[in-house]
Every structure is written in C-alpha cells, then in structure tokens.
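The points are grouped by topic for reference alongside the coordinates.

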Amino acid sequence: MWTPDPTFMQAAIEEALKGAGRTHPNPSVGAAVVSGGRIVGLGFHEGPGHPHAEVAALRQAGERSRGADLYVTLEPCCTTGRTGPCTAAVIAAGVARVAAATLDPNPNVDGAGVRELQAAGIPVAVGCLAKEGIGVDPAYHTFYRKGRPHVHLKWAQTLDGRVVLPGGGYITGPEARLKVHMERYLADAILVSGTTVAADDPRLTVRLPGVSKALTRVVLDNRGLLTGREGLFATAPEHGPVWVFRPPGSPTDGLGSRPEVSVIEMPLDSDGRLPLAEVLHALHERGIMGVYAEAVGRLASAFLREGLVDRVSVYLAPLLAGTTPGPAALEGHVRPGGGARVLGQPRWERAGADWVVAADLEDSCSPD
Ligand SMILES: NC(=O)c1ccc[n+]([C@@H]2O[C@H](COP(=O)([O-])OP(=O)(O)OC[C@H]3O[C@@H](n4cnc5c(N)ncnc54)[C@H](OP(=O)(O)O)[C@@H]3O)[C@@H](O)[C@H]2O)c1
C-alpha cells in the first residue's frame, strides 16, 4: 500500500467533471499521470466509444508514463466493452503505482481491476478522496450499490413554503432556472406527477445554450389524467421518450401507439398510489441511473419517507405568496412515523436573486 497525494486526486476529480452528464451508461471518470512530483498527463471519459480517462491521460503523458503514478477517480476496468480494458493499458504503459478514489461498483469489475494490477506487480491504493470520487458520478454508484437509480429531489418555493404562485408563473428567476437545466442535464430521467403535467403542461426538456440532451420523461399518472395532447408529448422523441406509469386498465387513448411513449402498468398500493420503490425498480431495470424528481407535496414527502431520496435541492425565492391553490412544499411525514429530517452539511449557493440549498442525505452511497 502507498499513500497518494490528495492534490493529484483532486486534479483527476476536476478532470472527471468535464464529462459529467454525457457518459451514460459509462461512469464519468478522470485521471492524472504524475511523474517527478508534477502532472504530465490528464484525461477524462467523454462518453461511450471514446477512450477511457486512464487511456486519455496516459496518451497525453506518452513516454513519461513509465515509472509514473496514475491517479484515477474510479478503479480501472478490466473488461472489454467498446474499448479495451484499462488495466492492460496501464500495465503496458509501465505505470509504477495506481491510486483509485473508489472501487468500480459494477459487478463485472468491483475489485477485479485492482487485483489484476496487483498481480502485475503494481501497488494500488484505494480510497483517496473516496467521498469526492463518488460525488463525481453519484448516480453510477447508487445504481449498482443500491440497485435503484439515484434520486435528486428538487422543488422551488417561496419563503412562506408555497410552490405555486397565486397568479401562476415561475417562482425563481432566470439564473436559478438555468441551474435547474444544468441539474436536469446531469440526470438520465426527469420525474413528475400526472397532476403537475395536467396543471402546468411542462415540456421537461434540457434548455441550455448550445447543448442538447434527450432525457427520459417519467410521469406518475396514477389517476390516468394524461391525454397524449400535452406539450411533453410534442417534444418526443427528439428530447427523449415519455414513460407514463399507470394502474392496469387505465384508458390508453392517445398514448398507446407511439414508439416514443411507453405506458408502464403498475398496480396501486393500498393507499391508491403508485408504489415508489417499484417505480424506481422498473426504472433501474430499464437502465436509468439518475432521476431528477421535480416533485412537491405528498409525492415529495412520500419519496423522503420511504428513504428513496439521495440528494435534495430546495430553490428559495425571496417571495411571500400567502394562500395559493397548490400543495405546500411537503405534505405528510418525511420519516416513517413522523419526525424531522436533518440535512447534514447543506450547501448554500446564490443563483441571481434566489438561493439554492442542497444536501446529500445521510443514507446515500457510502465510500468503498
Ligand atoms: N415549485 C415547484 O418546484 C413545483 C414542482 C412540481 C409541481 N409544482 C406544482 O404543484 C402542483 C402539483 O402538485 P402535485 O399534484 O404533484 O402535488 P400533490 O398535490 O401533493 O399530489 C401528488 C401527486 O403525485 C401523485 N402520486 C403518485 N404516486 C404517489 C405516491 N406514491 N405518493 C404520493 N403521491 C403520489 C398523487 O396521486 P393522487 O392524486 O392519486 O394522490 C398526486 O397526483 C402544480 O400546481 C405544480 O405547478 C411545483
């Protein structure tokens, strides 16, 4: 075992973030090659079919890789996918030591990459900046470690806790809404209630200057409110498919015959609601790793109560709304049996005139 320098792992993490949001189903990974106490190669994974981060960094370092240390945010893979195994590239480059922030939770790797390097005589240290390493791509880790997608719950509210304005319209300003679109971009799917689609007719697309990304739009429509004429459907397929969860026997007029629209039938629970753990299981089975849940009221509380939320972002606008027609930000217990939830280590950020408070919930994926 050797002791890596966190400064170099931090450089690899910053490199990894350049690929965030575009590597699915691969993880976002960054790497740094260090020789003689300085970085001689940096690389990140740009997406499926592109070189993995280690290979990109080793290429940049060239001959200086021989005898160097390789810092990588995720254990090097030992499998052949669209590109060859990184372990073979690391061994062939003559790297002396490897530091990985975390193991790769994919069961096809999960320690096998480390063992292969060690068998080739390369010392491997795992765990340097582990929490930050998971933070590069929390959805990837949650998907494999918890067997469900990572859920980022988000809502916007006034200072008096209202999520709908008396006359309608946006609660937050343009800077905060831009941040929401960046958060959508990092996910694979956006999830909303059928009542929200019926009330607001949102497009649920990623709208960022010069960037396009198709996301799966998931609607929990346990009342069978959607007609297929909502704006959401007009944006499919170029902005992504629409998956509508409904109880069996719901009318499917208008939704049924389009390839970009899937109706996923699921029996309601004893309270007459779609069972959220089963909804997430169905999304996991379909390869969704990160869900951005734009939910409030009873639905948001249910996600929290059932322990199915990994990150919360609350957008706070400097407004007072008074009585409005919509639900409160949260309605119903947020823990089984009641009680408050403590958001550990919240991050406060200014977005124009608004504030964003974000926190990872304590039962999120722990470091390897
Ligand atoms: N400010 C924001 O960030 C924000 C975000 C989203 C929505 N909104 C606003 O909020 C209003 C709509 O709120 P809402 O109707 O979604 O909230 P709500 O009144 O609390 O209702 C929750 C909705 O989710 C459904 N649902 C499905 N599965 C559920 C489960 N397992 N547990 C709990 N509920 C489940 C509910 O079904 P049942 O009807 O069968 O109970 C209901 O339709 C709209 O006016 C929209 O503009 C604001």
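The model is predicted, and local features are reported only where pLDDT is at least 70.

**Ligand shell**

- The ligand is surrounded by 28 residues, of which the closest are S193, T195, R273, G297 and R298.
- Three elements each supply at least two residues of this shell: β6 (150–158), α8 (194–200) and α11 (297–305).
- The greatest contribution comes from α8, which gives five residues.
- By residue class, the shell consists of 14 nonpolar, eight polar and six charged residues.

**Sheet**

- An open sheet is formed by nine strands with mixed pairing, in the order β10-β9-β8-β7-β11-β6-β12-β14-β13.
- Its edge strands, β10 (261–265) and β13 (347–351), each pair on one side only.
- From one strand to the next, the twist averages 20°.
- Helix α11 packs on the sheet and touches β6, β7 (189–193), β8 (216–220) and β11 (290–294). The direction of α11 makes about 140° with that of β6.
- Strand β9 (residues 242–246) runs parallel to β10 and is joined to β10 by five bridges.
- Within this pair of strands, V242 stands opposite V261 in β10.

**Helix α1**

- In helix α1 (residues 6–16), the buried residues are F8, M9, A12, I13, E15 and A16.
- These buried residues line one face of α1, because they fall within an arc of 160° when seen down the helix axis.
- The cover over the buried residues of α1 includes the strands β1 (30–35), β2 (38–44), β3 (69–72) and β4 (97–100). It also includes the helices α2 (53–61) and α5 (130–136).

**Helix α10**

- In helix α10 (residues 276–285), the buried residues are L276, V279, L280 and L283.
- Viewed down the axis of α10, the buried residues fall within an arc of 95°, so they line one face of the helix.
- Exposed residues A277 and E285 are carried on the face of α10 turned away from its buried side.
- Among the elements that cover the buried residues of α10 are β7, β8, β9, β11 and α11.

**Backbone geometry**

- Most residues other than glycine have a negative phi, and most peptide bonds are trans. The next points list departures from these patterns.
- H24 and P25 are joined by a cis peptide bond, with omega about 5°. P25 is placed in the loop between α1 and β1.
- A cis peptide bond also joins A236 and P237, where omega is about 5°. P237 is placed in the loop between α9 (231–234) and β9.
- D110, a residue other than glycine, has a positive phi near 35°. D110 is found in the loop between β4 and α4 (112–119).
- Because 15 other C-beta atoms lie within 10 Å, D110 is partly exposed.
- D201, likewise a residue other than glycine, has a positive phi near 50°. D201 is found in the loop between α8 and β8.
- D201 counts as exposed because it has 11 C-beta neighbours inside 10 Å, and a residue is exposed if 12 or fewer such atoms are present.

- Leaving aside neighbours within four places in sequence, the contacts of A351 are with E175, A176, K179 and V356.
- A351 and D253 are 98 residues apart along the chain, and their C-alpha atoms are separated by 42 Å.

Notes: Residues are numbered from 1 along each chain as its sequence is written. This is a predicted model: local features need pLDDT of at least 70, side-chain atom pairs count only at pLDDT 80 or more; totals for chains, interfaces and linings use all residues. A residue is near a molecule or strand if its C-beta atom, placed from the backbone, lies within 6 Å of it. Helices (H or I, at least four residues) and strands (E, at least two) are DSSP runs, numbered from the N terminus. Ala, Val, Leu, Ile, Met, Phe, Trp, Tyr, Cys and Pro count as nonpolar, Asp, Glu, Lys and Arg as charged, and the others, Gly among them, as polar. Two strands pair if DSSP finds at least two bridges between them. Axes are lines fitted to C-alpha atoms, for helices over the stretch in contact, and angles run from 0 to 180 degrees between N-to-C directions. Two residues are in contact if their C-beta atoms, placed from the backbone, lie within 7 Å. A residue is buried if 20 or more other C-beta atoms lie within 10 Å of its own, exposed if 12 or fewer, and partly exposed in between; C-beta atoms are placed from the backbone. The arc is that of the directions from the helix axis to the C-beta atoms.
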